[in-house]
Amino acid sequence: MKKVLFSILAVSVFSGCTSFEEIKHQADSGNPEMQYEVALMYRAGDGVPADNQKASEYMMLALQNNHMPAAWELVQDIYRQKDIKRASDFVKAYEILLSTEPRTFADHRVAFASAKHVKTLGIEYLRLLAKENCVETKNLRNLFLTKLPKEYLDRREREKINIRVSQIRSTDEIAEEKRIAEEKRIAEEKRIAEEKAKKEALAKLEQPEFKYPLRTKDRPGIRLYKDIYSGTSQKWVDEYKKIMQKDPLEYDGTIRFVAADIEDNISVYYKCFITLYSEKQKILPNDIVKKYSKEYPGIKITFVDQRDAVYKNFIEKYKERNSYANFHSDEALIKELHKGWNKYDFRKYTLQNSNVKIIIEATNPSIIEICIVDTAYEKLVLEYAKVLELKKEIERKKSAQEALDF
């Protein structure tokens, strides 16, 4: 109250303004002294109803005009309230206190009063900002190091200030860290959701009635290639590709499955053709024979030598490429082939039992062809296919008859 009375007395002496309306009019005209006085009157409720919001607004107007008393008031208020949200106002007010030369009696009074406390308030508030990781800490630190006289801060105090500020991150850095963390969180949630959906889809996909429409305990099917068995639904393979984003039939070579329709939109595999590039993979026909002999104990193995047929086929292709001129006859070419290909196995192997038939043959030195057939399933699915075809033909005739009924 004493401060307000003193201010009003000073205003009345120097400006002749005595009423609140006259003082406010001067304040609204841009007079920083009057802006400061109006702020104090609103705060104290002196001559006008108390209004902290308006008091703050006029105090900020005075601060923007570099008014030292207003700066000192704000520094004290913000420090007392430990208000880090107004850190930029504190820094602005603090800079005015350190940089502005006193001109009026009020300025000198503030300079005298603040000289004892300005360093303590500033350092304490700086520690508060640093603790809360506020970006304005850097700006306040710079004021300490550039505006305060060197004798105000000893070496330890300066080191403390620098250490604290070095830990502060800029607003952009904090925002970027938050953005990256949020992206990681969203990506992780998406990954977890996708994994969950994939597991659920795979669980549904692995249901026997979906994957193996014809398989039973008594007739489980044979392995055609990797995890694909006879009786596997072609629809299962298509769904697997969508879910896992990869083809279960991927192979470094060529592979072809033969399927038959057993119902509308349902086809099952019963035969498989595999091409091996034997030179690249260092595989011989006999290696494949041994592999299947282990998988199917007791299987019967027969073979026929196809060397002459392989040579003949090669000669026909050789002629098509117009390269035959280098040799006088087929016999001369066969003799030359025999020199280079004598070490290769051109036998056609047939491995067979009651359920499976496997044919292995080398069509030239670098290619081995394999055909695997589940003979029991072949007979079964082809019967289903015939029945399905018959049903379709009956439906077609019925539809044709209805269309012609006019």
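Ground rules first. The model is predicted, so local features need pLDDT of at least 70, side-chain atom pairs count only at pLDDT 80 or more, and totals for chains, interfaces and linings use all residues. Residues are numbered from 1 along each chain as its sequence is written, and side-chain values use heavy atoms, with hydrogens and water left out.

Let's start inside. The largest nonpolar core has 42 residues. A nonpolar core here is a set of buried Ala, Val, Leu, Ile, Met, Phe, Trp, Tyr and Cys residues joined through side-chain atoms within 4.5 Å. Buried means under 20% relative accessible area, exposed over 50%, and partly exposed in between, with a 1.4 Å probe and protein chains only. Which members touch the most others? V75, F90, Y125 and L140. Two or more residues each come from helix 2 (20-28), helix 3 (32-44), helix 4 (52-64), helix 5 (68-81), helix 6 (87-99), helix 8 (118-131) and helix 9 (136-147). Helix 5 gives the largest share, 8 residues. Helices are DSSP runs of H or I, at least four residues; strands are runs of E, at least two; both are numbered from the N terminus. As background, nonpolar side chains in soluble globular proteins tend to be buried together.

Now the salt bridges. How many does the structure hold? There are 16. The criterion is a side-chain nitrogen of Lys or Arg within 4 Å of a carboxyl oxygen of Asp or Glu.

Take R43 and D77. Their closest N and O atoms are 2.7 Å apart. This pair links distant parts of the chain: R43 sits in helix 3, D77 in helix 5, 34 residues apart. Is D77 buried or exposed? D77 is buried, because its relative accessibility is 10%. R43 is at 33%, so R43 counts as partly exposed.

Next, helix 11, residues 171-205. E182 and R185 form a salt bridge there, 2.4 Å from N to O. They are 3 residues apart, about one turn of the helix. E182 is partly exposed at 34%, and R185 is partly exposed at 38%. E188 and R191 also meet in a salt bridge, at 2.6 Å. Both lie in helix 11, again 3 residues apart, about one turn. E188 has a relative accessible area of 36%, so it is partly exposed. R191 is partly exposed at 40%. Elsewhere, salt bridges that share partners join R43, E73, D77 and R80 into one network.

Which residues form the negative patch? D261, E263, D264 and E389. Patch residues have over 30% relative accessible area and no salt bridge; like charges are joined within 9 Å, nonpolar side chains (Val, Leu, Ile, Met, Phe, Trp, Tyr) within 5 Å. E389 belongs to helix 18, residues 375-404. E389 counts as exposed because its relative accessibility is 52%.

K386 is in helix 18 too. Why is K386 exposed? Because its relative accessible area is 64%.

The C-alpha atoms of L214 and I262 are separated by 9.0 Å, and the two are 48 residues apart along the chain. L214 lies in the loop between helix 12 (208-211) and strand 1 (223-225). L214 is buried, at 12%.

Conventions. Accessible areas come from the Shrake-Rupley method with a 1.4 Å probe; for residues, only the protein chains shown count as cover. Lys and Arg count as positive and Asp and Glu as negative; His and the chain ends are not counted. The place of a charge is taken as NZ of Lys, CZ of Arg, CG of Asp or CD of Glu.
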